[in-house]
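Please read it alongside the sequence and coordinates shown here.

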Amino acid sequence: MNTPYPFTALVGQDDLRLALLLNAVSPAVGGVLVRGEKGTAKSTAVRALSALLPEVSVVSGCRFSCDPAAPDPDCPDGPHGAVAADGRPARMVELPVGASEDRLVGALDIERALSEGVKAFEPGLLADAHRGILYVDEVNLLHDHLVDLLLDAAAMGASYVEREGVSVRHAARFLLVGTMNPEEGELRPQLLDRFGLTVEVAASREPDQRVEVVRRRLAYDDDPAAFAARFADDEAELRERIVAARALLPNVRLGDAALRQIAATCAAFEVDGMRADIVMARTATALAAWAGREDVTADDVRQAALLALPHRRRRNPFDAPGLDEDKLDQTLEEFGDAADQDDDPDPEPEPDGPDPDGGPDGGGGQPPQGDDGPGVPPQGGEAQGRDPQEAPQPEPSAPEEPKQPAAPSTAPEQAPVGAAEPFRAKLLTVPGTGAGAAGRRSRARTEHGRTTGSRRPQGALGKLHLAATVQAAAPHQHARGRSGPGLVVRRDDLRQATREGREGNLVLFVVDASGSMAARQRMSAVKGAVLSLLLDAYQRRDKVGLVTFRGKDAEVALPPTSSVDAAAARLESLPTGGRTPLAAGLLKAHEVLRVERLRDPARRPLMVVVTDGRATGGPEPVRLAERAAGLHAAEGTASVVVDCETGLVRLGLAGQLAGRLGGTAVTLDELRADSIAGLVKDVQGTQHTSNSIRRAA
């Protein structure tokens, strides 16, 4: 068995360690979502925590880890009488991103259920994780319906499996930990709210701390057992402290003054619903127990707010999580009770600094040597981790103007302009029926959706089509010697339901940033339109990419990603100016789509070209643009051209480009869902204004 990295050997990451330990003390807090860049010990910390959890006593032979002192009366392996008990370490179960629903919740043998009337149930990962840790790496890449099932089980403490009228229930109480890199896409706000606490982690910028991280990691890799032995005493001490805090937790008092502070804080930050209040109350209680106190203090409430509220304040996908600490302090002071704090004989230290003795503010498992926390973001500093990315972008463009070509026809580069107010965009879809990842845009064959027919299963049976199965088995009942009321079913009779739902697509934006688009009002409207489409892509679970073209060439401003936040940031800083190399933009888009088809052939692309249709610069720019458009049309790439041309006299060049692409052209006004221009626009892959193309030719 591999020796896990010791929890007490982690350097820095005070918020992360504290959040994990609070959930170990009180799983009712609701789990932890760890957000941060790659290489910040997210997975290492979670795996290290499992070694700290106390041993669990289970009913001997029970696949669902029932507690001998209080066995689950509905356990599928029950009922349990006076049975032997076994002790084992608490499990840490990992849920892979590509796991199926049956792997998560368990699978019923439908064949035996129909033919024998037996509930033959194979437990899933939720059963394995009962009374332990369920760890989901890259939870933001998990399919939404799996995240819903996971969070429902975590909230109810039980898992339900329903298959064609056959139902199984079992207990599923676990410490839920999810990790994610925001650059790869965000979780929906509804799912974010279901995690009790959220922690933002980032690598330390303090050289001494980084040196210590490397030193310890190298020592662990050289000899894991010897390295773990160095921290054995610290691990044992921390394990005992968790047990003591769990025992103290039922005796912790949450007074009216603390409750008023919690309610006032949630109201002041305008969080939705009441889940935040409940999580804050449970977190503050766990903090008091962790500190060895029986009363919740204002410091506990403050720390609970910094862990439980930042991710609940997002109003749209482009909002960064964070909390205004000055506003928090003002609210706590206004609704605080000074007498409540004066009664505490041993007040806790201020939460702004780590506690080297393992106090509640330092995450408890603080390593004793050289780890005093310099360079670690202060508690609640989630938003501060983004500061390096928020440095102003436009200023460097001014000195570059003299370097632009001196040709009279070349416009100088202009500073970026802000986007207009986004609006609700019309649904743009890819024609036909796909088979890509679940989403909300185009028609596709999916595991969830309306039933459209049946087929013989290939491999393990998925969703049973009961009527088709009975119809297949009925003609053979006499030959099979049926004598009772039961139906004699063979494997060959089983039919799997085919379902149609919606898929997510790759929406590749190809944006004209040339001088013809540089009018401030026009570019602001264009950015507002693209931002609206990005919001739509976020809601429909699409991947997005951004190609821009201006001057002499095109560039991939953002490779295809699930992070619409990154696309919005690149769009906001997009400068304009120069000629219009339309052909270069289309060719760059063709290369991006070619690579993505190799990486993810099931995800169908939708190309959105945002331009006025002009093509300038270089020899025969119009002819080259037509040939580049023909490449996309030959491969059947679904496309839509957003016509940005304004004014009384319009050349209709964007419409001609759409014809060459085999797609559809829409104006900025027609892109609005509330526009009077018509209903939903489907991207037609082959039919458009062929007559206008002939006239143009």
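Helix α19 (residues 564–572) lies across β17 and β18, and runs at about 15° to β17. Another helix, α22 (residues 653–661), packs on the sheet and touches β19 (605–611), β20 (638–643) and β21. The direction of α22 makes about 175° with that of β20.

The pair β16 and β17 belongs to an open sheet of six strands, ordered β18-β17-β16-β19-β20-β21. The pairing in this sheet is mixed. At the edges are β18 (553–561) and β21 (664–667); each has a single partner strand, so one side of each has no neighbour in the sheet. On average, and with direction ignored, neighbouring strands of this sheet are turned by 20° against each other.

## The three-stranded sheet

Which strand order does the open sheet of three strands have? The order is β13-β15-β14, and the pairing is antiparallel. The edge strands, β13 (438–446) and β14 (450–455), each pair on one side only. The twist from one strand to the next averages 30°. As a general point, strands of a sheet pair through backbone hydrogen bonds, in either a parallel or an antiparallel arrangement.

Between β13 and β15 (residues 496–503), the antiparallel pairing extends over six bridges. Two partners in β15 can be named for this pairing: Arg499 is the bridge partner of Thr446, and Glu503 is the bridge partner of Ala438. β14 and β15 are also paired in the antiparallel sense, over five bridges. Here Ser454 has Ala497 of β15 as its bridge partner.

## Helix packing: α1 and α2

Two packed helices are described by the angle between their axes and the distance between the axes. For helix α1 (residues 14–25) and helix α2 (residues 42–50), the axes come within 11 Å and cross at roughly 30°. Angles under 35 degrees count as roughly parallel, and α1 and α2 are therefore roughly parallel to each other. The crossing of α1 past α2 is right-handed.

On the α1 side, the residues that meet α2 are Leu16, Leu20, Leu21 and Ala24. Their counterparts in α2 are Lys42, Ala45, Val46 and Leu49. Sorted by class, the contact of α1 with α2 has seven nonpolar residues, no polar residues and one charged residue.

## Helix packing: α11 and α12

Helix α11 (residues 256–268) and helix α12 pack at an angle of about 140°, and their axes are 9 Å apart. This angle makes α11 oblique to α12. The crossing of α11 past α12 is right-handed.

Ile262, Ala263 and Cys266 in α11 meet Ala276, Asp277, Met280 and Ala281 in α12. By class, this contact of α11 with α12 has six nonpolar residues, no polar residues and one charged residue.

## Backbone geometry

Most residues other than glycine have a negative phi, and most peptide bonds are trans. Two places in the chain are noted against that background. Gly78 and Pro79 are joined by a cis peptide bond, with omega about 0°. Pro79 is located in the loop between β2 (56–59) and β3 (85–88).

The other place is Gln13, which is not a glycine but has a positive phi of about 55°. Gln13 is in the segment before α1.

## Model confidence

The mean pLDDT of the chain is 80, and 81% of the residues reach 70 or more. Where is confidence lowest in the chain, and where is it highest? It is lowest in helix α16 (residues 397–400), with a mean of 42, and highest in helix α12 (residues 275–290), at 95.

For residues 338–343 the pLDDT is below 50, and this stretch has four contacts in the model beyond near neighbours in sequence. Residues 676–697 also have pLDDT under 50; the model gives them 39 contacts beyond four places in sequence. Where pLDDT is low, the predicted coordinates should not be read in detail.

Definitions and conventions: Residues are numbered from 1 along each chain as its sequence is written. This is a predicted model: local features need pLDDT of at least 70, side-chain atom pairs count only at pLDDT 80 or more; totals for chains, interfaces and linings use all residues. Side-chain values use heavy atoms; hydrogens and water are left out. Two strands pair if DSSP finds at least two bridges between them. Helices (H or I, at least four residues) and strands (E, at least two) are DSSP runs, numbered from the N terminus. Axes are lines fitted to C-alpha atoms, for helices over the stretch in contact, and angles run from 0 to 180 degrees between N-to-C directions. Angles under 35 degrees count as roughly parallel, over 145 as roughly antiparallel, 65 to 115 as roughly perpendicular and the rest as oblique. A crossing is left-handed if the near helix is turned anticlockwise from the far one by less than a right angle, and right-handed if clockwise. Contact means heavy atoms within 4.5 Å. Ala, Val, Leu, Ile, Met, Phe, Trp, Tyr, Cys and Pro count as nonpolar, Asp, Glu, Lys and Arg as charged, and the others, Gly among them, as polar. pLDDT is the predictor's confidence in each residue, from 0 to 100.
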